Each structure stands twice: as structure tokens, then as C-alpha cells.
Amino acid sequence: IADIKGGSEEGLDRLGETLVVRGWVRTVRAQSSVTFIDVNDGSCLSNMQCVMASDTEGYDQVENGLISTGASVWIEGTVVSSQGSKQKIELKVQKLVVVGKSDPSFPIQKKRVSREFLRTKAHLRPRTNTFGAVSRVRNALAYATHKFFQENGFVWVSSPIITASDCEGAGEQFCVTTLIPNSNEGGESPVNAIPTTEAGSVDWSQDFFGKRAYLTVSGQLNGETYATALSDIYTFGPTFRAENSNTSRHLAEFWMIEPELAFADLDDDMACATAYLQYVVKYVLENCKEDMDLFNTWIEKGIINRLSDVVEKNFVQLTYTDAIELLLKAKKKFDFPVKWGCDLQSEHERYITEEAFGGCPVIIRDYPKDIKAFYMRQNDDGKTVAAMDMLVPRVGELIGGSQREERLEYLEERLDNLNLNKESFWWYLDLRRYGSVPHAGFGLGFERLVQFATGIDNIRDAIPFPRTPGSAEF
Ligand code: 4AD
Ligand code: MG
């Protein structure tokens, strides 16, 4: 359907051609001598209106009620101009085959249904306008991500999903466990048994072939090893956080894009983050017009203008210390009081980007070292680190990044002070022993980018199959 521009004026030069449409029926309207069948194939938002006269081959299928919402169909027809107000062209059906009929219980009928309801139908929600559009924009953002980094000479590196290290040091990791064959049943099928000691407690030492292992929270440390060999690299893959937060911005499984720049400092890092965000936003504005119009009308009024500003304007930069000043002076009352040294809560982040700077993305830099991860480079003041977070309206923190501590003695001291096991980081420390370079990188939560670019307010609607506490169905 996208191939003939979804029935728009641009398809007019195809008048008279015979085409085949394969897709799913959205609506059926029968009139005395013709039936209108709207078909969508997911290639674009628009349906193809197929008009079937009662003397057409296969019309008995209409009469027998086989063509109902949700059914899959194969339709051959001629492109003709349309009298309807919604489209310029339509398909005059010559032959129709019902590939798979749809039971009348099909739960997504034409009336508008809530996104909460659709979350319980995650297997069928891609058949709706909104989720079709979100899926296509998500795809465009992924494509533009690779395009941006490839055009700028970054090498894509696959970081592992199973790992022994905890990059963020926050202990928010899922453990990997091995299924043990059920010896009583003849070893046919494994049972879901966690290895236990004789005393009955979980035997962690056995989890991953005799070693303890987790699902990765970030590919950064692995990315650093490749950046200190191949120069600029990026990772793009799934990451996992065992934080029990039920918010509209947190998932237990999310995709992260993590570039790592060699011979680079925090300024280079912020410049890269800004150029990247502007590039991908511009890409969807230019290449996903029909879907963006849907969001602009139904999801967030004015999103197209908001995003156009992001592409054109310079982002605000300020230090953490200045951000605290600004929050202390704010007339607004916050639930969490602010003082130097505190972590910024989402209410603070939203105030800064939405109210203090009128919807412009804001980069805050130089955070207190005590609230940031061990690998961040210490600033000369001894109190702060070369960290940066990019905050955007509606979403809050979209990007977290830093210049990395490339000096061996500083890094070792930091690990000691945090009581982290230096031995387990032997390979990471080696990077500082053999040809260390200043380097910096950031992580961008891909679903938060999808939220930002579509206006979808809940992160559960920005990923096909959301994983949140208590939900792993589908
Ligand atoms: O700020 P974070 O924790 O930073 C890191 O993981 C660094 N290792 C990144 C790096 O420097 N290479 O996470 C980075 C981003 C956040 O800014 C946020 O957009 C997203 O990942 N994120 C989440 N997205 C969805 N659900 C969650 N639970 C998320 N936690 C972080
Ligand atoms: Mg962060």
C-alpha cells in the first residue's frame, strides 16, 4: 500500500494498473450493490479502500460473512479514482481470496480503545493505527541510528548479554540460572529448578556453568575495550535492569545505544550526543510524515513543531551546581527537597527542561562523584566527575554519559573507596595499563527516544513486548 502512496494524490499516475494487495481487513461496509473493504498491510498508516461489486468473483465470501475485521485477504484489482473524501484512488476488486478468516471475537474493533486495554492484547495491538505508526517510527529511529554512526566512521560492536560485571555498580541485575535436567523423569525435559545447596539455599556458584553471571545492565565496559583498539565504536542492543520501578519511563528490559569515543573528552561527548539526537529526529520528521501527522493530531498536539525546534536550536548546557542553584530559586514546591549532592528526581529534571528552559533539551554536567558510577573521570576540584545527562521534555533523562577515568591510579583508588572487587575488573584496568587514552561515551535509552519522538507517554507502548515487574506474558 505504501508503494502506491496509500491512496493519496501521488498514486493517481497509477490509474488503470492491476495490483495485488495482501493485508488485514480493518472495516467492511456493505451497500446494496457494492461492498467497501478497507485493508491495511502495515507498510503505511493508510488503508487501501477496495470496492467490490456484487457480481465479482468471490463475492459469496462477503455474503457468507467471511470478510470481517481482522481477516487476512488477497485482493487483485484495478486502480481507479475514488469518489470518497479520504482517498484519491481506490482498488476496484477483480478477485478476492480470504486467506484466513477472523473469528467475531476479534478484540480490536473500529471504536477507539485505550492503550491500557491494548497492553493486554500485545499480540494484536500492532494491527492498530497507533501501534503500527510507533513500530514504523521505532524502525526508522534504529535505521537512522546506524546511518548516523556509520556515516561518522563508528564501528558497531556487539556487546554480550551475559556478563559477570556490574557496569553501573547499582546491583540492579538479573542473575542467570541454569535449568537442571530432571533425572527422575529420565532426563527427558529440564525442570525449572534453581541449583540449591544441601542446606536448601540457592547455590549461586553453579548458576552459569559453575560461575555467577548476570544479564548486562550496559555494554559500556565492553565498548571501552573496542574503542581503545578501533577508535570510535557504538553498541546497540538489549540491556536489563532489575529495578522494581513501576513508572512510565522504566522497563526491566530496554534497548540501549552506547557510543564510545576514543581520544575524546566530555565536550566531544556532548557534541556527539547533540548531533546524534538532531540527526535521528530530523530523519523521522523527513521520512515518517504520515505517522508523525497521526501523533501530532492524536497523541501530542504540536509534537512536529517541538521536534523541529530540537533539530534547529542549540541545547542548553549547565553544570550540576548551577542546576541546583536554579532549583533552589524555583518558586515551585518539590516533593523531594534539593541540596548540593542529591540525585535529581524526575520532578526536578522535568522542571529544568520543561519550565526553566521552555522545552529545550538541557545537558547537565559535572555531577558530584558520590552519586555517579566508579568509571567516571574525576574533575580537578576533587568533588565532581566529568559526567553529563541530557534531559528532554516529557521524558526527563534521555541520555547518561561521561568521560571515563583513563588514569590507572585514580581508577584503582576509586574502586577501593567503593569497596568494589578490583580483581574482577582486571581486564578493565588493563586498558589503563596498555596504551590508555582519554575517552568518553554515553548511553541512550532507545525506548525513551521512541517516547520523545512519538509523544507516547508510557514507555510500555514504545517497545513491542514490554517487560516490567510482573509482566512477561507474550
Ligand atoms: O544512565 P545510565 O544508567 O547509564 C549507563 O548505563 C552508562 N553505562 C551509559 C554509558 O555511558 N555508556 O543509562 C543510560 C540511559 C538512561 O539515560 C536512560 O535513557 C536509559 O538508559 N535507561 C532506561 N530506559 C528504560 N528503562 C530503564 N529502566 C532505564 N534505565 C536507564
Ligand atoms: Mg543515568
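This is a predicted model: local features need pLDDT of at least 70, side-chain atom pairs count only at pLDDT 80 or more; totals for chains, interfaces and linings use all residues.
**Strand pairing and the ligand shell**

Strands β1 (residues 18–30) and β4 (residues 72–81) run antiparallel and are joined by 7 bridges; strands here are DSSP runs of E with at least two residues, helices are runs of H or I with at least four, and both are numbered from the N terminus. Two strands count as paired if DSSP finds at least two bridges between them. Gly 23 has Val 73 of β4 as its bridge partner.

Residues are numbered from 1 along each chain as its sequence is written, and chains are lettered from A and ligands numbered from 1 in the order in which they are written.

Zooming out, the protein has 12 helices and 17 strands. Of its 474 residues, 38% count as buried, meaning that 20 or more other C-beta atoms, placed from the backbone, lie within 10 Å of a residue's own.

Then there is ligand 1, with 24 residues around it, each having its C-beta atom, placed from the backbone, within 6 Å of the ligand. Ser 218, Gln 220, Gly 400, Gly 443 and Gly 445 come nearest. β16 gives the largest share of this shell, 6 residues, and β12 (253–262), β16 (396–403), β17 (439–445) and α12 (446–454) each supply at least two.

Terms used: A residue is buried if 20 or more other C-beta atoms lie within 10 Å of its own, exposed if 12 or fewer, and partly exposed in between; C-beta atoms are placed from the backbone.
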